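Here is a quick briefing to read with the model open beside you. Take a look at the chains first, then work through the points below.

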Amino acid sequence: MAISVVFEDGEDNASAMASMFAGLIQANVEQHPEREADMLQLSGKSVCIEVPDIEEALTLEFLERQLLVRNGKKGNPAVTIAADSDVAMGMSLMKIGLAGMPVYWDGAGRDVVRALVRRKLKINRPWRIDVLNPLTRLFSVV
Amino acid sequence: MAYDAFSDEWAKAYKDEINKSPVYKQAAATWEGSVGLVVEAEPENNFPQTTGVFLDLWHGEARDVKIVSEADAENAQFVIRGPYSRWKQVAKKELDATKAMMQGKLKLKGDLPTIVRYTKASQEMTECTTRVPVIYPDEVPA
């Protein structure tokens, strides 16, 4: 199942980071069709990702089988994640384990936990696992 | 001994550095695929012609690294493109390659999940670049 990606300001005006993250989700869903369920679970919600070391931010709005990508922080995201670029990329290396839960005890998972503890990864609503778990699955390349 | 940047001798030295790296060997143990680096011309920096670097990488080994045309580099499975001055910044560790791609300072083409999966390998390849002594054309006295 293919999902469509729409850039609010047009593909030519999308930031490189926005193109990269959107492309990653799109490719992951194509390669793992079961992740369509995660797109549907996130439908109607948005997530903001801020990457301060490169001064970039984007908002991803999930609309069933469409991903709307907006430059910057827009609207009222369900969750805002702030992480430097290496941590943000590291989150994609998290494995997905039993019952679709992210694995926190292997190398990549421990890196994420360490980043959280050291406040190099900040999540404004960490209790929103209804958003964070499917988002992690959509980003995971493992 | 220092090598002219992006020369055949530099390519051989770079290949040797990659193959000497146990970190790369482990991080890229399952990597299969070619990588093309396109170094765009900057005549003002004494780099008059766009040059390609073709890396034949297989299971933790650089089977070949050679200087090629732009077109040949573009035929690789994964292509990273940027101007000469950006590549020089990366080689001198003044610019992180992952950040550069997220900022659009280096343009990336290829299957994104695969590239993200091997982030550690690509980071080590950048480290290997920094270990090759280089003579940059814009630093040669006139």
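Let's start in a loop: Asn124(A) sits between β6 (121–123) and α5 (129–139) of chain A, where helices (H or I, at least four residues) and strands (E, at least two) are DSSP runs numbered from the N terminus. Keep in mind that this is a predicted model, in which local features need pLDDT of at least 70, side-chain atom pairs count only at pLDDT 80 or more, and totals for chains, interfaces and linings use all residues. Residues are numbered from 1 along each chain as its sequence is written, while chains are lettered from A and ligands numbered from 1 in the order in which they are written.

**Around Asn124(A)**

- Is Asn124(A) buried or exposed? Asn124(A) is exposed, because 12 other C-beta atoms lie within 10 Å. The cut-offs go like this: a residue is buried with 20 or more other C-beta atoms within 10 Å of its own, exposed with 12 or fewer, and partly exposed in between, with C-beta atoms placed from the backbone.
- Setting aside neighbours within four places in sequence, Asn124(A) is in contact with Val79(A) and Thr80(A). Being in contact means that the C-beta atoms of two residues, placed from the backbone, lie within 7 Å.
- Asn76(A) is 48 residues away from Asn124(A) in sequence, and their C-alpha atoms are 12 Å apart in space.

**The sheet of chain A**

- Chain A has an open sheet of six strands in the order β1-β4-β3-β2-β5-β6, with mixed pairing. Two strands pair if DSSP finds at least two bridges between them.
- The edge strands are β1 (4–7) and β6 of chain A, each of which pairs on one side only.
- From one strand to the next, the twist averages 20°. For angles like this, axes are lines fitted to C-alpha atoms (for helices, over the stretch in contact), and the angles run from 0 to 180 degrees between N-to-C directions.
- Inside the sheet, β2 (46–51) and β5 (79–83) of chain A run parallel and are joined by four bridges. Ile49(A) stands opposite Ile81(A) in β5(A).

**Where the chains meet**

- On the chain A side, 19 residues are in contact with 12 residues of chain B.
- Both α1 (16–31) and α3 (85–91) of chain A supply at least two residues to the side that touches chain B. α1(A) gives the most, with eight residues.
- That side of chain A divides into 10 nonpolar, six polar and three charged residues. Here Ala, Val, Leu, Ile, Met, Phe, Trp, Tyr, Cys and Pro count as nonpolar, Asp, Glu, Lys and Arg as charged, and the others, Gly among them, as polar.
- α1(A) has 16 residues and reaches 22 Å from its first C-alpha to its last, close to the 22 Å expected. The expected span is 1.5 Å times one less than the number of residues.
- Buried residues of α1(A) include Met17(A), Phe21(A), Leu24(A) and Ile25(A).

**Strands of chain B**

- β3 (51–58) and β4 (61–68) of chain B run antiparallel, joined by seven bridges. Leu55(B) stands opposite Val65(B) in β4(B).
- β2(B) and β3(B) also pair in the antiparallel sense, over eight bridges.
- Gly52(B) has Val68(B) as its bridge partner in β4(B), and Gly52(B) is also the bridge partner of Val38(B).
- Why is β3(B) largely enclosed by the rest of the structure? Six of the eight residues of β3(B) are buried, so the strand is largely enclosed.

**Helix α4 of chain B**

- In α4 (84–91) of chain B, the buried residues are Tyr84(B), Trp87(B), Lys88(B), Val90(B) and Ala91(B).
- Seen down the axis of α4(B), these buried residues fall within an arc of 160°, so they line one face of the helix. The arc is that of the directions from the helix axis to the C-beta atoms.
- They pack against several elements of chain B, including β2 (32–40), β5 (78–83) and α7 (119–130).

**Positive phi values**

- Arg119(A), in the loop between α4 (107–117) and β6 of chain A, has a phi near 65°, a positive value in a residue other than glycine. Arg119(A) counts as exposed, with 8 C-beta neighbours inside 10 Å.
- Asn46(B), in the loop between β2 and β3 of chain B, has a positive phi near 65°. Asn46(B) is partly exposed, with 13 other C-beta atoms within 10 Å.
- His59(B) takes a positive phi near 45° in the hairpin of β3(B) and β4(B), which has two residues between the strands.
- Just after α4(B), Lys93(B) takes a positive phi of about 65°.
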